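Please keep the structure open beside the text as you read.

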Amino acid sequence: REGKKKRNFLDDTILVGDSGVGKTSLLVQFDQGKFIPGSFSATVGIGFTVQWFLFQIWDTAGQERFRSVTHAYYRDAHALLLLYDITNKSSFDNIRAWLTEIHEYAQTDVVIMLLGNKADMSSERAIRRDEGERLAREYSVPFMETSAKTGVNVELAFTAVAKELKHRA
Ligand code: GDP
Ligand code: MG
């Protein structure tokens, strides 16, 4: 394992989770303040500042299947937003496998936040909020339910991670 990387004014955050959970939509909502329906084939990356501190956020796509998000991606990440879809049980069940992989390849002090996305689709909910909370507690990571569609908690989630990174830098 490499030594702890020196922090500067640019911290890399990556979005991970099963295909279709809304990673790209969430980043677009945060960046542009709007929901563009439909799946995105391309990945996006954005930079933003919180209190003059620049953050870089990267989307992942096409590598969502286990063991194929490149290990370099994890190694270079300072923060990970780990998403599941509250209407999709398997995306929630797979969170444990994502966390196993993250603990294997990411830096030990990586900032992790668990997000249950598509919170607007409550009529099709498959995972209760308290199930998300319990899983997050088990792994000692913060948790929020978000919606890339309505924007609920999106800014809050990104800025919480950014502030934590700034705090640690
Ligand atoms: P990714 O594969 O994780 O990047 O997921 P996408 O961002 O491509 O989204 C997959 C599908 O879910 C698309 O049809 C999106 O429009 C939809 N979607 C993403 N986030 C939300 C959300 O918060 N609410 C609803 N209702 N649909 C969403
Ligand atoms: Mg995507």
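## Overall layout

In what order do the elements of the protein run from the N terminus on? The order is β-α-β-β-α-β-α-α-β-α-β-α, which comprises 6 helices and 6 strands. Helices (H or I, at least four residues) and strands (E, at least two) are DSSP runs, numbered from the N terminus.

This is a predicted model, where local features need pLDDT of at least 70, side-chain atom pairs count only at pLDDT 80 or more, and totals for chains, interfaces and linings use all residues. Residues are numbered from 1 along each chain as its sequence is written, chains are lettered from A and ligands numbered from 1 in the order in which they are written, and side-chain values use heavy atoms, with hydrogens and water left out.

Of the protein's 169 residues, 46% count as buried. Here buried means under 20% relative accessible area, exposed means over 50%, and partly exposed is in between (1.4 Å probe, protein chains only). Among contacts in the protein with a separation of 6 or more, 75% join residues 24 or more positions apart; a contact means heavy atoms within 4.5 Å.

## The largest core

Let us look inside. The largest nonpolar core has 23 residues, and those with the most contacts inside it are Leu15, Leu26, Leu81, Leu115 and Phe158. A nonpolar core is a set of buried Ala, Val, Leu, Ile, Met, Phe, Trp, Tyr and Cys residues joined through side-chain atoms within 4.5 Å. At least two residues of this core come from each of α1 (23-32), β2 (45-50), β3 (53-58), β4 (79-85), β5 (111-117) and α6 (154-168). The element that gives the most is α6, with 6 residues. A second, separate core has 22 residues, including Ala77, Leu80, Leu82 and Val141.

Start with Phe158. Not counting residues up to four places away in sequence, Phe158 touches Leu15, Leu26, Leu27, Phe30, Phe48, Ile57 and Leu81.

Leu81 sits in strand β4 and counts as buried at 0% relative accessibility. Beyond residues up to four places away in sequence, Leu81 touches Thr13, Ile14, Leu15, Val16, Met113, Leu115, Phe158 and Val161. Leu81 and Gly17 are 64 residues apart in sequence, yet their C-alpha atoms are 8.4 Å apart in space.

Leu27 belongs to helix α1 and is buried, with a relative accessible area of 0%. Leaving aside neighbours within four places in sequence, Leu27 is in contact with Leu15, Val44, Ile46, Ile57, Asp59 and Phe158. The C-alpha atoms of Leu27 and Ile57 are separated by 8.3 Å, although the two lie 30 residues apart along the chain.

## Two helices with a buried side

Which residues of helix α5 (residues 129-138) are buried? They are Gly132, Leu135 and Ala136. Seen down the axis of α5, the buried residues fall within an arc of 100°, so they line one face of the helix. The arc is that of the directions from the helix axis to the C-beta atoms. These buried residues pack against β4, α3 (89-93), α4 (95-105), β5 and β6 (143-145), while the face of α5 turned away from the buried side carries the exposed residues Arg134 and Arg137.

In α4, the buried residues are Ile95, Trp98, Leu99, Glu101 and Ile102. They cover an arc of only 160° around the axis, which puts them on the same side of α4.

## Positive phi in two loops

Lys118 lies in the loop between β5 and α5. Its phi is near 70°, a positive value in a residue other than glycine, and Lys118 is partly exposed, with a relative accessible area of 22%.

Ser140 is in the loop between α5 and β6. Phi of Ser140 is near 55°, again positive in a residue other than glycine, and Ser140 is exposed, with a relative accessible area of 67%.
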